[in-house]
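Good morning, and thank you for joining this group meeting. I shall present one structure today and ask you to follow it on the screen as I speak.

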Amino acid sequence: MAAAWTPEQRLDALAGADVVVCSFLSPAEAETASRVRLVHVTGAGYDKISFPHLAPPALVANTFHHARPIAEHVLMVTLMLSRNVAAAERALRRGEWRTIATDAEVPFHPVLSDLTLGLVGLGSIGAEVARVAGSLGMKVRAVRRNPAAPLPDGVRLDWVGGNGQLHELLSASDVVVVTVPLDADTKGMIGAAELSAMKATGLLINVARGPVVDQSALYAALKERRIAGAGIDVWWGQPADGVVPPAALPFAELENTVLTPHHSGHARITFERRAADIAANIGRLARGEGLVNLVARPVPAA
């Protein structure tokens, strides 16, 4: 496991590598891996691979299998937030029995079939969220880059629009789930204007990448109760220097949040199937066969 190696050890190994399996490849590491034939990302996201410094012959592939556990996480967080589970649990630990029968300020729970779920993105994760949410009676809407594209198998939507119709989606949704990949077009996609377009009772759940959502705008919207709550599984940095959760603002002090350490996809089946994908692609490479899940190199900004 190279994670425990020093930077020098990593560079030495990369210099002679034909295949690199990683989730992160810095500019210096990419330049050092000059003879690499395949960089296989250990998950779906490849935004931490330094493509500009990677030798042109190198192929990059990724792998998935995390959609179902992430979809289940989204539904769990939706229930936790809409039913005020964290607040009720804290109160009970303090010895307070607060229900609609004992406290007029305690709200009734919604049921999932009363809620509209809006998806920002309809890739493998978004599609699985749509399937699971739809099976429980939720109304599901989505925006995607190409709204005219065929829907994924088993996905039924009440409405689908293009990314230019994001505000329409936000204003109509009780739960907004962010699932888009991070790139130049999606960084900061959910900012102050977008959060203002949401219902005051709306919930935001981000299982994409932290920087897709503007950190300061989200914190302000939550603190000022301009949206009802948020589930944050992805962050704006790494947990370095003892900063947990890794954010510039104190989200952990907010009571209308469910915070998790980027683990929504961490089911055993995810890693077993990813390992099988990676091994199979390395075998194909050795036999001179075509690889699966190849990633197109990002086009450099003009």
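I shall take the strands, then the helices, then a few points of the backbone.

Please keep in mind that this is a predicted model.

Let us begin with the sheet. Strands of a sheet pair through backbone hydrogen bonds, either parallel or antiparallel. Here, 7 strands form an open sheet with parallel pairing, and their order is β6-β5-β4-β7-β8-β9-β10. At the edges are β6, residues 159-162, and β10, residues 257-259, each of which pairs on one side only. From one strand to the next, the twist averages 15°.

Within this sheet, consider β7, residues 175-178, and β8, residues 203-206, which are joined in the parallel sense over 4 bridges. In that pair, V176 has L204 of β8 as its bridge partner.

Parallel pairing is also found between β1, residues 19-22, and β2, again over 4 bridges. There, V21 stands opposite H40 of β2. Is strand β2 covered on one face or on both? Both faces of β2, residues 38-41, are covered: L38 and H40 are buried on one side, and V39 and V41 are buried on the other.

I now turn to the helices. Helix α5, residues 124-135, lies across β4 and β5, and runs at about 170° to β4. Helix α8, residues 215-223, lies across β8, β9 and β10, at about 140° to β9.

Two packed helices are described by the angle between their axes and the distance between the axes. For α3, residues 67-82, and α5, the axes come within 8 Å and cross at roughly 55°. α3 is therefore oblique to α5. The crossing of α3 past α5 is right-handed. Residues in the contact include I70, V74 and L75 of α3, together with I125, V129 and V132 of α5. By class, this contact of α3 with α5 has 9 nonpolar, 1 polar and 2 charged residues.

Finally, the backbone. Most residues other than glycine have a negative phi, and most peptide bonds are trans. Which two residues are joined by a cis peptide bond? They are V244 and P245, with omega about -5°; P245 lies in the loop between β9 and β10.

N84, although not a glycine, has a positive phi of about 55°. This residue, N84, sits in the loop between α3 and α4, and is partly exposed, with a relative accessible area of 37%. H262 also has a positive phi, near 50°. H262 is in the loop between β10 and α9 and is partly exposed, at 39% relative accessible area.

Thank you for your attention.

Methods: Residues are numbered from 1 along each chain as its sequence is written. This is a predicted model: local features need pLDDT of at least 70, side-chain atom pairs count only at pLDDT 80 or more; totals for chains, interfaces and linings use all residues. Side-chain values use heavy atoms; hydrogens and water are left out. Two strands pair if DSSP finds at least two bridges between them. Helices (H or I, at least four residues) and strands (E, at least two) are DSSP runs, numbered from the N terminus. Axes are lines fitted to C-alpha atoms, for helices over the stretch in contact, and angles run from 0 to 180 degrees between N-to-C directions. Contact means heavy atoms within 4.5 Å. Angles under 35 degrees count as roughly parallel, over 145 as roughly antiparallel, 65 to 115 as roughly perpendicular and the rest as oblique. A crossing is left-handed if the near helix is turned anticlockwise from the far one by less than a right angle, and right-handed if clockwise. Ala, Val, Leu, Ile, Met, Phe, Trp, Tyr, Cys and Pro count as nonpolar, Asp, Glu, Lys and Arg as charged, and the others, Gly among them, as polar. Buried means under 20% relative accessible area, exposed over 50%, partly exposed in between (1.4 Å probe, protein chains only).
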